[in-house]
Amino acid sequence: MTYDETTLAQLTEDAAAIIARYPVKRSALLPMLHLVQSVDGYVSPDGIQFCADQVELTAAEVSAVATFYTQYKRRPNGEYQVGVCTNTLCAVMGGDRIWDELSEHVGVGHDETTEDGKITLERLECNAACDNAPVMMVNWEFFDNQTPESAKQVVDDLIAGKDVAPTRGPAKVCSFKQVSRVLAGFDDGRANEDQGAGEAALAGLEAAKGQGWTEGAK
Amino acid sequence: MTTTLTPVLTATWGADQSWSLDTYTKAGGYAPLKKALGMAPGDLIQAVKDSGLRGRGGAGFPTGMKWGFLPPDDGKPRYLVVNADESEPGTCKDIPTMLQAPHALVEGVAITSFAIGCNHAFIYIRGEVAHVHRRMQQAVREAYEAGHLGKNIHGSGFDLDVTVHSGAGAYICGEETALLDSLEGRRGQPRLKPPFPAVAGLYARPTVVNNVESVASVPSIIGNGVEWFTAMGTERSKGMGIFSLSGHVKRPGQYEAPLGITLRELLELAGGIREGHELKFWTPGGSSTPMFTAEQLDTPLDYEAVGAAGSMLGTRALQIFDETTCVVRAVTRWTEFYKHESCGKCTPCREGTFWLTQILKRIEGGRGTEADIQQLLDTCDSILGRSFCALGDGATSSINSSIKLFREEYEAHVTQGGCPFDHAASALFEYSDTPATEEAHA
């Protein structure tokens, strides 16, 4: 392994915290792979060996797990993972067109990263926000009700180094490494940041009010 | 007459900091937990059985019965695992639930764990939703600090730890045994059943796996009483459920209503199909459920009536498509999804979804033949009922049902040598249709 002493010490401390959450060590593997991505920006050979040592598996066994899941990246990932949902509903509502224009605009295709390492594009499967279609995700934050123009603007702003806010979620999108640490189960103190629930989440409540429902009623 | 909506789980979603412990407690939250801790666990299980609550994750299995399947306590661990891997195309109810009201789930976890004798519960959340992880992690932390979780909860002698766990991008992990393998740090592949998780689940110990909405419904049942719950819904489909409308409707979103409401009623509340268009087809419960048309507008959306009409209530993911939508395009894209997400464990699903995709793309691209349509049906026949888990079956639903309902549309692709639809007409924004994306699709 080529981690320097400080990095390895921090990784080891974090890995111990993850392992402590489970009755059986091996259960820590998925969050630990997210942890490795938070340091290396992908599941590196070093990261695989590190996980293997921590949960007492072989590197081959860890690789076998890592390759099963699409969120674990096998090559250095862009700073921003930008996914356009092209599953049926989003695709039909305009996701296909957003993908076409965005991919052309950025100059890379599915699972490819721009030369400057800023953006990795991905054709996403359903991300459970269908009532806000067409949907785009940046580092796993929601960008609802997108158009080709709005999607390109988001990516231009990211490339320009500006802060970008999702339509639902925290005040700004963090980096791929930072979000990987959240998925490893470490608090980044941003749970109370909010862009609103979104119209779709509240559509039923609004309709219920139209029927005379009042808050607090059973 | 329109059925009255019944916001329960969604009731506080519009409140200021709706996700905070403070907001949840002020709305009466965690009172049901205190009530439950004063009851016998067996009585809690009986109450949930009596309520008729059925699994809200798609299968509709009675929740209380699932709890009751656990063998008698042998002094060793037993587990509750919450399935928060919401990934079925069209399904988008658990994510806003956890974003806006995570404490409803935490309280449900505490009550359920007490009922089944579990001291360590897990919430397995799909990895692709960062803010949901932040909110759930915070809610669990707040609950510990308030004494709703941890040691000797409210002096009851009951201990409970809750771990929020992240998946990493795999639809199959929504299948309960694949989820358990994934939670054990393995590739997410389904297990052979039996043994069922109730007997040998997580770490081969008795385990209850329940959907987010099922668990989050428990506090309201305990707090308001079984009769309150059974007053909603239909004879064998009790209570309320979140109906997720998406697609070509004026006001898509989450509508919480008694089971048995109809699409016609829901559309009325949602402002109808988008202006100037009409309903063509829809899914009652996600992409794995056979599609419906306007014929089923008045079908009560409960487990029995939807089943009798030839589909499944599933996750109440109502994906609505108007007449501009090419059904072959829609079905092809769903099938590519199943091919991508097939775990590869069993041959019918792994090979079948691959060949279905090949044939469908050929037809959609105008290079298909009449015989290809029959081949699709034959291939579906080789998958349906012959796969290891429900993923393979689900992959055949939209194909079989769409060929039955819209065979002439498949034939039109063959005879015209291409898609007769203008894809731009389906989009929610304006653009002129330049050559489409077929080549670009990986």
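Leaving aside neighbours within four places in sequence, with which residues is Ala171(A) in contact? Ala171(A) is in contact with Ala165(A) and Glu193(A), where contact means that the C-beta atoms of two residues, placed from the backbone, lie within 7 Å.

This is a predicted model, in which local features need pLDDT of at least 70, side-chain atom pairs count only at pLDDT 80 or more, and totals for chains, interfaces and linings use all residues. Residues are numbered from 1 along each chain as its sequence is written, while chains are lettered from A and ligands numbered from 1 in the order in which they are written.

**Chain A**

Ala171(A) lies in the loop between α6 (148–159) and α7 of chain A. Helices (H or I, at least four residues) and strands (E, at least two) are DSSP runs, numbered from the N terminus. With 13 other C-beta atoms within 10 Å, Ala171(A) is partly exposed. A residue is buried if 20 or more other C-beta atoms lie within 10 Å of its own, exposed if 12 or fewer, and partly exposed in between, with C-beta atoms placed from the backbone. Between Ala171(A) and Arg26(A) there are 145 residues in sequence and 35 Å in space, C-alpha to C-alpha.

The domain assignment of chain A gives domain 1 (5–66) and domain 2 (80–174); such bounds come from an automatic or database domain assignment. The centres of these domains of chain A, taken over C-alpha atoms, are separated by 29 Å.

**The interface**

In the contact between the chains, 73 residues of chain A meet 80 residues of chain B. On the side of chain A that touches chain B, the elements giving two or more residues are α2 (29–40), α4 (59–66), α5 (88–106), α7 (176–183) and α8 (199–210) of chain A. The largest share of that side, 11 residues, comes from α5(A). By class, the side of chain A that touches chain B has 41 nonpolar, 18 polar and 14 charged residues. Here Ala, Val, Leu, Ile, Met, Phe, Trp, Tyr, Cys and Pro count as nonpolar, Asp, Glu, Lys and Arg as charged, and the others, Gly among them, as polar.

**Chain B**

Chain B has 17 helices and 8 strands. Its radius of gyration is 22 Å, close to the 22 Å that the globule rule gives for 442 residues, so chain B is as compact as a globular protein of that length. The radius is taken over C-alpha atoms, and the rule is 2.2 Å times the number of residues to the power 0.38. Along the principal axes, the C-alpha atoms of chain B fill a box of roughly 75 × 45 × 40 Å. Of the 442 residues of chain B, 60% count as buried. Among contacts in chain B with a separation of 6 or more, 72% are between residues 24 or more positions apart.

Chain B is divided into domain 1 (21–230), domain 2 (240–322) and domain 3 (327–439). The C-alpha centres of domain 1 and domain 3 of chain B lie 36 Å apart. Contacts link 8 residues of domain 1 of chain B to 9 residues of domain 3 of chain B. The residues on the domain 1 side of this contact divide into 5 nonpolar, 2 polar and 1 charged.

Helix α6 (residues 102–116) of chain B has 15 residues, which at 1.5 Å a residue should span 21 Å; its end C-alpha atoms are 21 Å apart, which agrees. The expected span is 1.5 Å times one less than the number of residues. As for burial, 15 of the 15 residues of α6(B) are buried. Just after α6(B), Gly117(B) takes a positive phi of about 75°.

**The nonpolar core**

The largest nonpolar core has 202 residues, and those with the most contacts inside it include Leu33(A), Val81(B) and Val109(B). A nonpolar core is a set of buried Ala, Val, Leu, Ile, Met, Phe, Trp, Tyr and Cys residues joined through C-beta atoms within 7 Å. Beyond its neighbours within four places in sequence, Val81(B) has contacts that include Phe122(B), Leu179(B), Leu202(B) and Val209(B).

**Backbone exceptions**

Most residues other than glycine have a negative phi, and most peptide bonds are trans. The table lists exceptions.

| Item | Backbone value |
|---|---|
| Lys193(B) to Pro194(B), cis | omega near -5° |
| Pro194(B) to Pro195(B), cis | omega about 5° |
| Trp140(A), not a glycine | positive phi of about 70° |
| Ala204(B), not a glycine | positive phi of about 60° |

Pro194(B) is in the loop between α8 (176–183) and β4 (207–211) of chain B. Ala204(B) is found in the loop between α8 and β4 of chain B, and counts as exposed with 12 C-beta neighbours inside 10 Å. Trp140(A) sits in the loop between β4 (136–138) and β5 (141–143) of chain A, and is buried, with 27 other C-beta atoms within 10 Å.
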